[in-house]
Amino acid sequence: MKNSNVFFWSLVVALGGFLFGFDTAVISGAEKAIQQVWSLSPVEHGFTISIALIGTVFGAIFGGIPSDKLGRRQTLIWIAVLYFVSALGAALTHSWLAFVVFRFLGGLGVGASSVTAPLYISEVSPRESRGRMVSMFQFNIVLGILVAYLSNYLLTGVGEQDWRWMLGVQVVPAALFFGLLFRVPESPRWLIGRGRVEEGRRILHLINPASADEDVANILTTNASDEAMVGGRSLFAKQYRTPVMLAVLFAVFNQVSGINAIIYFAPRIFEMTGLGKGSALLSSAGLGLVNFAFTLLARQFIDRVGRRQLMLIGSFGLIVTLGLVSWAFYSENFGALGGMLVPVLLFVYIAFFAFSQGAVIWVFISEIFPNTVRAKGQALGSSTHWVMAAIIAFTFPYLAEKLGGGHTFAFFCAMMVLQLLYVWRLMPETKGTSLEQLEQTLVIH
């Protein structure tokens with residue numbers, strides 16, 4: 001098997017994840033200056049910062065359509081264009097309305113890349129290394145976030161309008177992404193599904209010559225079986241209810257763990273425990289480093305121990321850490337470990353999340369749907385993830401203020417107990433199994 005081909009293609013496509021992370025985090029360094037430049041009211045400012053998240057939701061909901069119609073590769077090329085135009089436009093414009101439009105376009109790119117990039121990598125990766133390849137997407141998201149924070153730090157003070165440089169520097173990785181995509185072939189499973197069997201066969205030969213003909217036969221057989229069933233291309237046909245249920249629940253649990261609330265509002269949480277502003281910001285940076293390190297570690301285990309095992313380990317860890325954080329708020333016991341009890345617990349929480357949910361979500365959702373509806377299924381899982389992310393991000397400050405940290409983290413803990421039950425009773429193991437074999441297990445024939 002020529003792993004170098006798959007690795008290169010996966011690495012290029014995973015750059016979409018890097019741009020995803022960079023675009024999401026880069027606004028943090030520019031948001032104060034943006035408010036001053038256009039004299040924005042609090043409502044206008046909030047809308048300006050959140051418009052990219054709104055774009056992400058729309059990009060995720062509709063990202064499966066071009067992936068099916070145009071192909072995975074062509075969709076990724078248009079995503080690269082969105083990232084480039086968004087970065088350049090937001091950096092150069094002197095109109096607030098245009099700035100909002102450009103940031104919305106960047107959000108569309110983020111949402112669409114969360115659908116198409118894992119989908120493509122899953123469809124070109126051999127079964128024995130698929131988890132490691134697809135999790136490269138999540139690794140690049142975390143790397144993009146870290147690089148965005150570093151870039152903002154380095155570009156601070158480069159001029160009176162340093163925020164323009166912070167946003168504009170994204171054109172470099174976007175241009176690189178665009179150029180490299182022309183060295184990546186189309187997904188063989190998409191080609192075969194569109195009747196371009198010999199083109200798909202040639203690409204499968206590049207992946208694994210020994211099994212290429214067998215893979216083509218299996219893909220043709222499963223596609224024909226799906227087409228023959230009532231509603232074969234409708235995601236919500238009864239035969240697909242198991243993968244639909246698995247994807248939606250997985251995406252919901254990803255967000256009701258509180259992960260985005262903790263990442264977005266870490267300084268606020270730490271200040272609630274009595275830490276000074278400087279220590280709170282330093283602790284927030286520590287969360288990013290822990291997230292990066294344990295995402296990298298998870299890539300080494302996801303194909304060895306399996307997705308389900310990582311989720312079982314992670315669920316237990318999240319329940320314990322969130323329970324202890326809730327107890328700390330209830331008892332107001334913030335003095336332990338020199339006042340660092342809650343930050344240390346949240347560092348451990350991030351480690352367990354990155355090692356389980358963070359690494360597994362894009363892999364698992366990209367594996368469980370049949371070829372004929374995989375893009376639609378990926379879009380469903382991704383859009384569920386982003387809608388829940390928006391709900392949690394918008395409600396967390398209110399809940400934390402009205403209910404207090406104890407109740408809020410107890411809720412997240414309770415949700416992780418439900419996640420543990422989901423993993424134990426419902427979640428199948430997908431490691432080392434071809435996409436076509438998984439279809440035979442999960443689709444009702």
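The crossing of helices H5 and H9 is left-handed (the near helix is turned anticlockwise from the far one by less than a right angle; clockwise is right-handed). This is a predicted model, so to speak, in which local features need pLDDT of at least 70 and side-chain atom pairs pLDDT 80 or more, while totals for chains, interfaces and linings use all residues. Residues are numbered from 1 along each chain as its sequence is written, and side-chain values use heavy atoms, without hydrogens and water.

**H5 with H9**

- The axes of helix H5 (residues 72-92) and helix H9 (residues 171-180) come within 9 Å and cross at roughly 160° (axes are fitted to C-alpha atoms over the stretch in contact, with angles from 0 to 180 degrees between N-to-C directions; helices are DSSP runs of H or I, at least four residues).
- That makes H5 roughly antiparallel to H9 (over 145 degrees; under 35 is roughly parallel, 65 to 115 roughly perpendicular, the rest oblique).
- On the H5 side, the contact (heavy atoms within 4.5 Å) is made by Leu-76, Ile-77, Ile-79, Ala-80, Val-81, Tyr-83, Phe-84, Ala-87 and Leu-88.
- H9 brings Val-171, Ala-174, Ala-175, Phe-177 and Phe-178 to that contact.
- By class, the contact of H5 with H9 has 14 nonpolar residues, no polar ones and no charged ones (Ala, Val, Leu, Ile, Met, Phe, Trp, Tyr, Cys and Pro are nonpolar, Asp, Glu, Lys and Arg charged, the others polar).

- The axes of H6 (96-124) and helix H19 (residues 341-367) come within 9 Å and cross at roughly 70°.
- H6 and H19 are therefore roughly perpendicular to each other, and their crossing is right-handed.
- Ser-114, Pro-118, Leu-119 and Ser-122 of H6 meet Trp-362, Ser-366 and Glu-367 of H19.
- That contact of H6 with H19 has three nonpolar, three polar and one charged residues.
- H6 also packs with helix H20 (residues 374-425), at an angle of about 135° and with the axes 9 Å apart.
- That makes H6 oblique to H20, and H6 passes H20 in a right-handed crossing.
- From H6, this contact takes in Val-110, Gly-111, Ser-114, Val-115, Pro-118, Leu-119 and Glu-123.
- From H20 come Arg-374, Ala-375, Gln-378, Ala-379, Ser-382 and Trp-386.
- The contact of H6 with H20 divides into seven nonpolar, four polar and two charged residues.

**The largest cavity**

- The largest cavity has a volume of about 90 Å³ (on a 1 Å grid over the protein atoms alone, points where a 1.4 Å probe fits but cannot get out; volume is the space filled by probe spheres set on the points, which are joined across faces, edges and corners).
- Its lining (residues with an atom within 4 Å of a point) includes Asp-68, Arg-72, Glu-123, Arg-233 and Arg-374.
- Helix H10 (residues 188-193) gives the most to the lining of this cavity, with three residues.
- By class, the lining of the largest cavity has one nonpolar, four polar and seven charged residues.

**The second largest pocket**

- The second largest pocket has a volume of about 230 Å³ (a pocket is an open set with protein on both sides within 12 Å along at least five of seven lines).
- Of the 17 residues lining this pocket, Ser-125, Pro-126, Arg-127, Ser-211 and Asp-215 lie nearest its centre.
- H6, helix H11 (197-207), helix H12 (212-228) and helix H21 (435-442) each give two or more residues to the lining of this pocket.
- The lining of the second largest pocket divides into five nonpolar, five polar and seven charged residues.
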